[in-house]
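Please keep the structure in view while reading.

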Amino acid sequence: MKKGSNRRKFLFSASLGAAMTGCRQGEKPAAEDEGPNRLGKPVSEYGDRSPHEKSKRLKPETKTPEAASTRTPLQDSYGILTPAALHFERHHSGVPAIDPARHQLLLHGLVDRPLVFGMDELKRLPSVSRIHFVECSGNGRSEWSAKGAPDAQRSQGLASCSEWTGVPLSLLLAEAGVQSSAKWLLAEGGDASKMSRSIPLQKANEDILVAYGQNGEALRPEQGYPLRLVVPGWEGNINVKWLRRIKVVDEPVMTKDETSKYTDLMADGKARIFTFVVDAKSLITYPSGGQKLAAKGFHEISGLAWSGRGKIERVEVSTDGGKSWVNARLEEPRHRMAFTRFRLPWTWDGSETVLVSRCTDESGYVQPDRAQLIEARGMNSDYHNNATKPWQVMADGSVKNA
Amino acid sequence: MRSACLMLVAVALMQAQTGKYGAGRPPTPQEVKALDISVPPSGEGLPEGSGTAVEGKEVYARRCQRCHGAEGKGGDEVALVGGSGTLNTPKPLKTVGSYWPYATTLFDYIHRAMPFKDPGSLTSNHVYAVTAYILQLNGIIRANEKMSAESLPKVKMPNRDGFIPDARPDTGKVKGTTKR
């Protein structure tokens, strides 16, 4: 019974997909526009976007789609928030189906009072809402090679930004009474891989959230429903989803995802471990790879910048391949460890050129280019690539990876 | 005097029993035991049981080989063996043998997450055995060496000293400065 309905759903979305591709080739529109004198659709309980809007996450070809990632279409985004349905995914053993009525968080280890919290109990506690990006440290991985990624989504789509609502982890730790020998936490998810990471206790006392809300509603299953960590400004993997356990410990556990993975191999064969913070990064999302400027004349260059070290203070844009730079306008609000939108008016004269942005954060850190990054780390480090991303505008208006 | 002392003790006890918001309830020992599966380098928390590579070879063939290939050399999924001496070359191969700093991580990870489609289905003995097999394939232990709560934390991994602290910011100074 259930199988059948899933199958029907699949067939439906497959044919919808076909209709959409057809539509893109200028055939049948997804919904008839019959003008304002036609009675519209009735009210509905949970809204859908317009059938004309087709922006979607990019799915990889893989035999194990449960241990994979999808990418946010940053080139289509407006403002600084990512719709929950388009927030990038990275799962290690699929998305678990968790009943919130049964979900619990165990807090134990080096504490005076080990505690178990149910979801209702957590939501009763003093909560906060904050806007933060989450970025997988593997974002920009393809930018280590000279070829680079062809568009914004493939290049930097493992980053998204949401308003998160939850209880400060420091509050829960105080409830349990952390002992003086404690230095680290082990956070563990309730997915099939029981994904786990060690986190310095100090960060928990600064700003970690135990979050249940995203953009005004409950977390999406892919984003950790019903409970996840949000660790502002630190690499995505440590923002443990489907959070079921926090153990207060004196030393890091050295889990698979903090040793085998998410460590940065240097040219000399040594690897940096616990490389948590996200270095400042910016990206022009319009015009960006795969897009086409329709005509000469005015275009607003626009993009996103973010840093794990706080606020974005400055974004410079070059429209001549890095020869000269001007400050872009930074749009308010500028939150700490959140996407910041930048804009710059530009008149395209129809000639070939290269556009690139470079940001500076409140710590004074300036986004490096690829050569600077390789000089510092070599070519083997995989993670944490925050290099500037140049786009080449061709004479016909098409934009590609420079 | 005496009753004042008792009062103080009672108040202290009460404070020890609840936090500011009185949230949460104490877990039962069984609840903690069921969830507390993490194994740090000290080996604390490793369960009873043991296994050798000889036993693990059979477990591997049935439960792991399909994805990780014969003798851990990789297939649809990553290799678990090989790569030694490659970390500082243009084609580094990071595997359990060449890269992982601790053998306890291997037990911890297989126990919590593998086999991929049926995690939690191996007994502790089988996890010790298949751990031993992967270590033996990498030339780290001998085929008849028993892996257990006692012996596993003592295994010295080849890349044990291969990790260094985060040295960032290692970039971030602008070249050809443009002053504001």
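A salt bridge is taken here as a side-chain nitrogen of Lys or Arg within 4 Å of a carboxyl oxygen of Asp or Glu. The model is a predicted one, in which local features need pLDDT of at least 70 and side-chain atom pairs count only at pLDDT 80 or more, while totals for chains, interfaces and linings use all residues. Residues are numbered from 1 along each chain as its sequence is written, chains are lettered from A in the order in which they are written, and side-chain values use heavy atoms, with hydrogens and water left out.

Over all chains, the structure holds 41 salt bridges.

| Pair | Distance |
|---|---|
| A:Lys389 and A:Glu143 | 2.9 Å |
| B:Arg63 and B:Asp118 | 3.5 Å |
| B:Asp161 and B:Lys156 | 3.8 Å |

In the pair formed by A:Lys389 and A:Glu143, A:Lys389 lies in the loop between α7 (370-377) and β22 (391-393) of chain A and A:Glu143 in the loop between β5 (128-135) and α3 (152-156), so that the contact ties together parts 246 residues apart in sequence; helices (H or I, at least four residues) and strands (E, at least two) are DSSP runs, numbered from the N terminus. Relative accessible area is classed as buried under 20%, exposed over 50% and partly exposed in between (1.4 Å probe, protein chains only). A:Lys389, at 3%, is buried, and A:Glu143, at 9%, is buried.

In chain B, B:Arg63 is partly exposed at 22%, B:Asp118 is partly exposed at 39%, and B:Lys156 is exposed at 58%. Salt bridges with shared partners also join A:Glu188, A:Arg244, A:Arg245, A:Lys247, B:Asp36, B:Asp108 and B:Arg112 into one network.
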